Amino acid sequence: MPVEITWWGHATCTLRDSDVRVLTDPLFARRLAHLRRRRGAVPPPGAWQADVALVSHLHADHLHVPSLQRLAPGTRLLVPRGAPRAVPGLRRLTHLTVTEVGAGDLTRVGDLVVRAVPALHDGRRLPVGPHRSPALGYVVEGEGRTYFAGDTGLFDTMAKEVGPVDVALLPVGGWGPYLGEGHLDAGRAARALARLGARSAVPVHYGTYWPIGMDAVRPHEFHAPGEEFVRLAAEYAPSVAVHRLGHGESVRLEVAR
């Protein structure tokens with residue numbers, strides 16, 4: 001049975017598995033604070049449709065309240081435990097069914113089970129406020145097992161915590177010229193892929209947003225991570241099929257069960 005992945009840009013993807021639509025880190029903005037969408041159209045209204053939306057951590061390019069407001073009434077929303085306390089805007093999303101989860105928690109949505117897994121990333125709601133929640137990734141288990149990493153660095157127990165998966169949606173870049181701690185670049189993502197036992201991978205979190213006025217600052221970091229990941233994945237995980245999608249493009253992946 002196939003699993004279908006559509007990449008809308010940045011960390012926003014639609015995953016279809018077992019007739020359930022899963023939306024990751026919804027971000028439907030042309031501009032966010034100092035960031036401007038430089039490549040790919042803003043996702044159309046069809047991208048807003050989901051049975052469940054997953055939020056990996058509190059940073060505004062992953063937990064974007066105006067984008068979450070566009071989700072249809074009754075949509076389930078999984079957020080890191082403590083997120084409504086840290087981000088009061090979540091409490092106003094009364095049309096959504098919000099569930100706080102922590103690493104190890106299981107949530108059933110139709111014929112899917114969504115398992116929250118750890119991530120190595122800053123869990124604060126920046127740039128202000130002391131509140132934080134642990135950053136998460138998610139493994140969506142249905143006909144296939146799909147890992148959405150959110151934002152994370154490499155960590156020693158990644159293979160054990162995430163487990164073997166069929167598809168890995170891995171961040172390979174960022175929204176600025178420098179990646180700090182707790183991120184995967186193309187090389188670290190390729191090494192993560194080698195640990196995960198995945199059959200297929202889709203690079204995300206690159207080539208979409210960039211700081212206003214910085215178009216000429218290290219443009220390689222904006223344009224190249226996807227191609228670099230394809231090249232390095234062939235070195236570190238040669239048995240994995242890597243699908244580098246354009247914005248709004250989809251891929252159907254056969255998974256064996």
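The model is a predicted one, so local features are limited to pLDDT of at least 70 and side-chain atom pairs to pLDDT 80 or more, while totals for chains, interfaces and linings take in all residues. Residues are numbered from 1 along each chain as its sequence is written, and side-chain values rest on heavy atoms, with hydrogens and water left out.

The sheet is open and mixed, with seven strands in the order E9-E10-E11-E12-E13-E14-E16. Strands (E, at least two residues) and helices (H or I, at least four) are DSSP runs numbered from the N terminus, and two strands pair if DSSP finds at least two bridges between them. E9 (106-109) and E16 (241-242) sit at the edges with a single partner strand each, so one side of each lacks a neighbour in the sheet. For E16, pairing with E14 (residues 200-204) is parallel and runs over two bridges; here Ser-200 faces Ala-241.

Helix H4 (residues 186-196) packs on this sheet, touching E12 (145-148), E13 (167-171), E14 and E16, and its direction makes about 155° with that of E13. Axes here are lines fitted to C-alpha atoms, for helices over the stretch in contact, with angles from 0 to 180 degrees between N-to-C directions. At the start of H4, a side-chain oxygen of Asp-185 comes to within 3.2 Å of the backbone nitrogen of Gly-187. After the helix comes Gly-197, with a positive phi near 70°.

Buried residues (under 20% relative accessible area, 1.4 Å probe, protein chains only) in H4 include Ala-186, Ala-190, Leu-193 and Leu-196. The buried residues of H4 pack against E12, H3 (158-162), E13, E14, H6 (225-236) and E16, contact meaning heavy atoms within 4.5 Å.

Away from the helix pair, His-64 lies in the loop between E6 (52-54) and H1 (65-68). His-64 is buried, at 10% relative accessible area. Its side chain makes a polar contact of 2.6 Å with that of Ser-67, a polar contact being a pair of N or O atoms within 3.5 Å, where within protein one must be able to donate a hydrogen and the other to accept it, and residues adjacent in sequence count only if both atoms are side-chain atoms. Beyond neighbours within four places in sequence, His-64 touches Pro-26, Leu-27, Ala-29 and Leu-32.

Methods: Buried means under 20% relative accessible area, exposed over 50%, partly exposed in between (1.4 Å probe, protein chains only).
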